[in-house]
Amino acid sequence: MIDATTKEEVLIEALPYIQTYEGKTFVIKYGGAAMTDEHLKQMFAKDVTILRKIGINIVIVHGGGKETTEIAGKLGLETRFIHGHRFTDGEMMKVILMVLAGKINKEITNLINTNGGNAVGLCGVDNNLLRAKKLMNDAADLGLVGEVTSVNTAFINLLLKEGTMPVISPIGVGPDGELYNINADLAAGSIASALKAEKLVYLSDIEGILVNRRRVSSLTHTEAQEYIQNGAIFGGMIPKVQSAFDTLSAGVNKVHIIDGRVKHSLLLEIFTDEGIGTQMVHEEAKQKTLPSNGVPK
Ligand SMILES: Nc1ncnc2c1ncn2[C@@H]1O[C@H](COP(=O)(O)OP(=O)(O)OP(=O)(O)O)[C@@H](O)[C@H]1O
Ligand SMILES: [Mg+2]
């Protein structure tokens, strides 16, 4: 247990952040270990509930890649990733719909609600939340992998105004009602951009972006492209980084990748002065003098 003075200091340090963020919108991409470990799941549900209760609008976009792969395997479907995207044919799309928009979405929603968070579980089909089209990839045909063309922000804002917390599965719907599997990182980025959110946080299963096994506290677009080129950034980190910079360019103020394996990493990132994880920054921001910990808040 922490002593009373430390508790007091923590609360006092949080106060300016609480005041700054009240009424603002944060989009949280929920994935990785924080989504699979029982204890971390509970922590996450509590953290987002606290954030909502102090007046921050929270929108959650979840992944669920590992469980989808497992269940697809049990059903005899093999999973293939191309540049961090899951190749999706019609059969895989059915599994994604069942697992992501069904089991996983309802589990997250239920857990948050058990903690008092007023979550509403949705996928892109509901009230045309995410309209989508096929994602074109130069290297390969990804099948029914899509990208977001529009977000029903009026509906999300209505839910937020009612004090609820949308929990969104990244499944989009095309002009003829066809379903698309959208990478959760890209969906989170599109939703944050459309909502003009204050912050986008990717909760993952790693300390942040690692280069030569060391965490990079801030990253520019030029550096990211270089690391993708030389292979330092690969697999599931590629769509995360690409959507992070698209979101930053769209005007979202802060985009972070943080470690979902660390207890309450979300609260630490938002309410304390120590930066954690990796923050994506504009080129100019990196040239400015950084605080002693090297992380611009
Ligand atoms: N430079 C890098 N630094 C850190 N992790 C990297 C890097 N390059 C690739 N990765 C990989 O990216 C992974 C995170 O992406 P991944 O898609 O697996 O998880 P997620 O997006 O958090 O979860 P989900 O896809 O289930 O929503 C890390 O576990 C790591 O293996
Ligand atoms: Mg991923």
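I began with a rule for the ligand's surroundings: a residue is near a molecule or strand if one of its heavy atoms lies within 4 Å of it. The model is predicted, and I kept in mind that local features need pLDDT of at least 70 and side-chain atom pairs count only at pLDDT 80 or more, while totals for chains, interfaces and linings use all residues. Residues are numbered from 1 along each chain as its sequence is written, chains are lettered from A and ligands numbered from 1 in the order in which they are written, and side-chain values use heavy atoms, with hydrogens and water left out.

**Entry 1: the ligand**

I looked up which residues come nearest to ligand 1, and found that, of the 19 residues around it, these are Ser 204, Asp 205, Leu 210, Ala 232 and Lys 240. I then sorted the shell by residue class, which gave seven nonpolar, eight polar and four charged residues. In this sorting Ala, Val, Leu, Ile, Met, Phe, Trp, Tyr, Cys and Pro count as nonpolar, Asp, Glu, Lys and Arg as charged, and the others, Gly among them, as polar.

Next I looked for polar contacts (pairs of N or O atoms within 3.5 Å; within protein, one must be able to donate a hydrogen and the other to accept it, and residues adjacent in sequence count only if both atoms are side-chain atoms). A polar backbone atom of Gly 65 is 3.2 Å from an oxygen atom of ligand 1. From Asp 205 a polar side-chain atom lies 2.8 Å from an oxygen atom of the ligand, and from Ala 232 a backbone N or O atom lies 2.7 Å from a nitrogen atom of ligand 1.

The elements that give two or more residues to the shell are β12 (209-211) and α8 (237-249), where helices (H or I, at least four residues) and strands (E, at least two) are DSSP runs numbered from the N terminus.

**Entry 2: aromatic rings**

How many aromatic pairs does a search of the whole structure find? I found three, under the rule that rings of Phe, Tyr and Trp (its six-membered ring) pair if their centres lie within 6.5 Å, with planes under 30 degrees apart counted as stacked, over 60 as edge-to-face and the rest as tilted. Tyr 21 and Phe 26 form an edge-to-face pair, with 4.9 Å from centre to centre and 75° between the planes. Both Tyr 21 and Phe 26 are buried, a word that means under 20% relative accessible area, with exposed meaning over 50% and partly exposed in between (1.4 Å probe, protein chains only).

I then turned to Tyr 30 and Phe 44, whose rings are stacked at 3.6 Å centre to centre with 5° between the planes. This pair links distant parts of the chain, 14 residues apart, since Tyr 30 is in strand β1 (residues 25-30) and Phe 44 in helix α2 (residues 38-53). Tyr 30 is buried because its relative accessible area is 2%, and Phe 44 is buried because its value is 4%. Returning to Phe 26, I noted that ring pairs link Tyr 17, Tyr 21 and Phe 26 into a cluster.

**Entry 3: a buried glutamate**

I looked up Glu 269 and found that its place is in helix α9 (residues 265-271). Is Glu 269 buried or exposed? Glu 269 counts as buried because its relative accessible area is 1%. Its side chain is joined to that of His 256 by a polar contact of 3.2 Å. Leu 267 is also found in helix α9, and it is buried, with a relative accessible area of 17%.

**Entry 4: a loop with positive phi**

I finished with the loop between β12 and β13 (214-216), where Asn 212 is found. Phi of Asn 212 is near 50°, a positive value in a residue other than glycine, and Asn 212 counts as exposed because its relative accessibility is 73%. Arg 213 is found in the loop between β12 and β13, has a positive phi of about 65° although it is not a glycine, and counts as exposed at 80% relative accessibility.
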